[in-house]
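Let's take the labels one by one and see what backs them up.

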Amino acid sequence: MTSPARGAAVVTGAAGGLGRSIAAALHADGWPVLLTDVDPGAVAAVAAPLGGWSRSLDVRDEAGCAEVAAEAAARDGGLGLWVNNAGILVTGPAWEQDASTRRRVLDVNALGAMNGTLAALAVMRAQGRGHVLNVVSLAGLVAAPGETVYAASKHALLAFSLGTLADLRMAGHRGVHVSCLCPDGIWTPMLHDRLDDPGALASFTGSMLSPERVAARVVRLARRPRPVVTLPRWRGAQVRLLDAVPRLALGLTPVVRAVGRAGQRRQRRRAGVQPD
């Protein structure tokens, strides 16, 4: 049964992939979930079996985020959880991407999540409770070769999230939380067409996660907020070591390339995808 005391949950980028799995997992855990996405038709179809509550939202629209937060806050229990999941991946060296591409990645992954966070916090600070959960990525903890601009956007989101959490505590807000979930590569449409992409090798160097596994961790984190959680935990320790010793990370670049390429081949076999 739904527990009105903890309020409603908002999930961005919920029309497919990880966002869809997160919304379904939260719904199964008893949350009334407002699904949002830039594609109103697709998100409405996904929302239909989950209570039918959906809205069109481009996270780059600050006013739009505020409107969604206000709508969720009007439900019994107010706004309990906001999950910033919407994101885009662009691969390849930064010098091969034009200014508009770089800006789009930063606008969606970093500034879009900031918009959602601040819209949610405007409500949650007034309520005295609530939780913002930002889906960051392991790329927010280490400079992933081939995903430089994407990693830069995720580093920005991690710094913003932790700094905002510290600001909340300094301002005396003890019942409002900000968490960061940093998962390894997830087998969603974001990576489905990257099996031959040399720029995406870093995403295939570790454990390829199912969206359902990540969504289950979101549910647990929603129940028990923590500043930063990596999935799996061992990968978090590994990338933090590489981030702490940049010379080691650079020296291992050929190894990363080889391991990533092997990971792409392995995932191709698992997915039953025939070579081109």
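Q: What makes D184 and R235 a salt bridge in this predicted model?
A: Their closest N and O atoms are 2.7 Å apart, and the cut-off is 4 Å, so the pair counts as a salt bridge.

Q: Which parts of the chain does the pair of D184 and R235 link?
A: D184 sits in the loop between strand 6 (176-183) and helix 6 (189-192), while R235 belongs to helix 8 (residues 233-244). They're 51 residues apart, and the pair links distant parts of the chain.

Q: Why is D184 called buried?
A: Buried means under 20% relative accessible area. D184 comes in at 6%, so buried it is. R235 gets that label too, because its relative accessibility is 6%.

Q: How do you know that D196 and R268 form a salt bridge?
A: Check the gap: the closest N and O atoms are 2.6 Å apart, which is within 4 Å. D196 is in the loop between helix 6 and helix 7 and R268 in helix 10 (residues 253-271), so parts 72 residues apart in sequence get tied together.

Q: Why is D196 called partly exposed?
A: The label covers values between the 20% limit for buried and the 50% limit for exposed. D196 has 42% relative accessibility, so it lands there.

Q: What makes R223 and D29 a salt bridge?
A: Here the closest N and O atoms are 2.4 Å apart, again within 4 Å. R223 lies in helix 7 and D29 in the loop between helix 1 and strand 2, so this pair ties together parts 194 residues apart in sequence.

Q: Why is R223 called exposed?
A: Exposed means over 50%, and R223 has 56% relative accessibility, so it qualifies.

Q: What joins R6, D29 and R223 into one network?
A: Salt bridges that share partners do. By this rule, the count of salt bridges comes to nine.

Q: Which residues touch the most other members of the largest nonpolar core?
A: That core has 31 residues, and V11, I22, L26, L35, L81, V83 and L133 touch the most other members. Helix 7 gives the largest share, six residues.

Q: How do you know that V11 is in contact with I22?
A: Contact means heavy atoms within 4.5 Å. Leaving aside neighbours within four places in sequence, V11's contacts include I22, L26, L35 and V83.

How values were computed:
Residues numbered from 1 in each chain as written. Predicted model: local features only at pLDDT ≥ 70, side-chain atom pairs only at ≥ 80, totals over all residues. Heavy atoms only, no water. Core = buried A, V, L, I, M, F, W, Y, C linked by side-chain atoms within 4.5 Å. Buried < 20%, exposed > 50% of the residue type's maximum accessible area, 1.4 Å probe, protein only. Helix = DSSP H or I, 4+ residues; strand = E, 2+ residues; numbered from the N terminus. Salt bridge = Lys/Arg side-chain N within 4 Å of Asp/Glu carboxyl O.
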